[in-house]
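Here is a short report on a protein–DNA model. Have the sequence and the 3D view open while reading.

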Protein chains: 2
Amino acid sequence: MEPASPDPGEQPWSIRLRAAGLRVTQPRLAVLDVVDSAPHLSADQITAGVRSAIGAVSTQAIYDALNTLTEQGILRRFEPAGSSMRFEVSVGDNHHHLVCRSCGSVRDVPCALGSMPCAIPQETEGFVVDEAEVTYWGLCADCVSASTPE
Amino acid sequence: MEPASPDPGEQPWSIRLRAAGLRVTQPRLAVLDVVDSAPHLSADQITAGVRSAIGAVSTQAIYDALNTLTEQGILRRFEPAGSSMRFEVSVGDNHHHLVCRSCGSVRDVPCALGSMPCAIPQETEGFVVDEAEVTYWGLCADCVSASTPE
DNA sequence: CACCTTTTCTGGAATCGTTCAAGAAAAGTC
DNA sequence: GACTTTTCTTGAACGATTCCAGAAAAGGTG
């Protein structure tokens, strides 16, 4: 085993961890693998994935890893209203999310708002903006068809 | 007392409640007054405001009022990541929010993304979008100056 | 390679915000 | 004024996340 590498051609996680000044630990590698293989998972789901990959790990270790990795910009965290935290590997493209009101599923959408006004830091009466987060709410294809009579 | 009316010239809350098929109760009127007088409050803060206005009210009554009023479109609820629910009187302008990463304060911003792409329902691979929510993250003026050395 | 310092993980409890559930009270109807 | 339905009270439950103290592991150093 030991994928421990995001993708052939990319730097293995261990390198990215060291580059961020973080120690390379089993839980962190496992968290990265799980999040990389399935974006938008909750802490709970990530915990399950990590445990099935490397055995017993404390809940705290997962949260610690998620928080640390997020702080270092390796993961990106978001939290649609009514949902718990969700994570994805940070790729720096500032894409946005479609969230299904019915089943809570999340889908990525490229930042398609014209010429990305959302990436442009603005200033509003002294308020310094560093990020614009867009969440599209609606129904996913499955839930649409499930709710349609015919 | 008994403001019970959003604004001179606007319909009193009782009318709006009845129009929505809801009974007119003290807790609901008080919730509306509090939210109207200070947008972006949390359920907790609203509870405090309501209690100081009409005396003892159960926490549950507040949550019930908030949920019901939100369902009926009289209030608008939003929930910046890391924060609890926040409420404002729904005015139908689909404005957005600036959220301070440091102190959590919220400020309204008009939907200024060009010609409001955010209000235009899109469809993406069967995903039917009915709302676009934009959250700007950054630092409010106070926190900016507090964090600046000089 | 053994040692040492620092970071990270374990285990368990605590916390916050929100919801659930059953019965009492109030609103609106006839 | 009695009746039906909605709303409120009380009190417990719940999920997600964090806090804490001590044990274990990571990785630099001699």
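The report covers a sheet in chain B, then the surface around DNA strand D.

**The sheet of chain B**

This is a predicted model. In chain B, 3 strands form an open sheet, ordered β1-β3-β2, with antiparallel pairing. β1 (41–42) and β2 (75–78) of chain B stand at the edges, and each has a single partner strand, so one side of each has no neighbour in the sheet. Strand β3 (residues 86–89) of chain B pairs with β1(B) in the antiparallel sense over 2 bridges. There, B:S42 stands opposite B:R86 of β3(B). Helix α4 (residues 59–71) of chain B lies across β2 and β3 of that chain. The helix runs at about 105° to β2(B).

**The surface around DNA strand D**

DNA strand D is surrounded by 20 residues. The closest are A:Q60, A:Y63, B:T25, B:R28 and B:S58. By class, the residues of this surface divide into 9 nonpolar, 6 polar and 5 charged. Which part of DNA strand D lies within 4 Å of the protein, sugar or phosphate, or bases? Of the atoms in that range, 65% belong to sugar or phosphate, and the rest belong to bases.

| Residue | Atom type in DNA strand D | Distance |
|---|---|---|
| A:R23 | base nitrogen | 2.9 Å |
| B:S58 | phosphate oxygen | 2.4 Å |
| B:D64 | phosphate oxygen | 3.1 Å |

Which elements give two or more residues to the surface near DNA strand D? They are α4 (59–71) of chain A, together with α2 (26–37) and α4 of chain B. Helix α4 of chain B is also the one that lies across β2 and β3 of chain B.

Notes
Residues numbered from 1 in each chain as written. Chains lettered and ligands numbered in written order. Predicted model: local features only at pLDDT ≥ 70, side-chain atom pairs only at ≥ 80, totals over all residues. Heavy atoms only, no water. Pairing = 2+ DSSP bridges. Helix = DSSP H or I, 4+ residues; strand = E, 2+ residues; numbered from the N terminus. Contact = heavy atoms within 4.5 Å. Axes fitted to C-alpha atoms, helices over the stretch in contact; angles between N-to-C directions. Near = heavy atom within 4 Å. Polar contact = N/O pair within 3.5 Å; in protein donor to acceptor, adjacent residues only side chain to side chain. Nonpolar A, V, L, I, M, F, W, Y, C, P; charged D, E, K, R; others polar.
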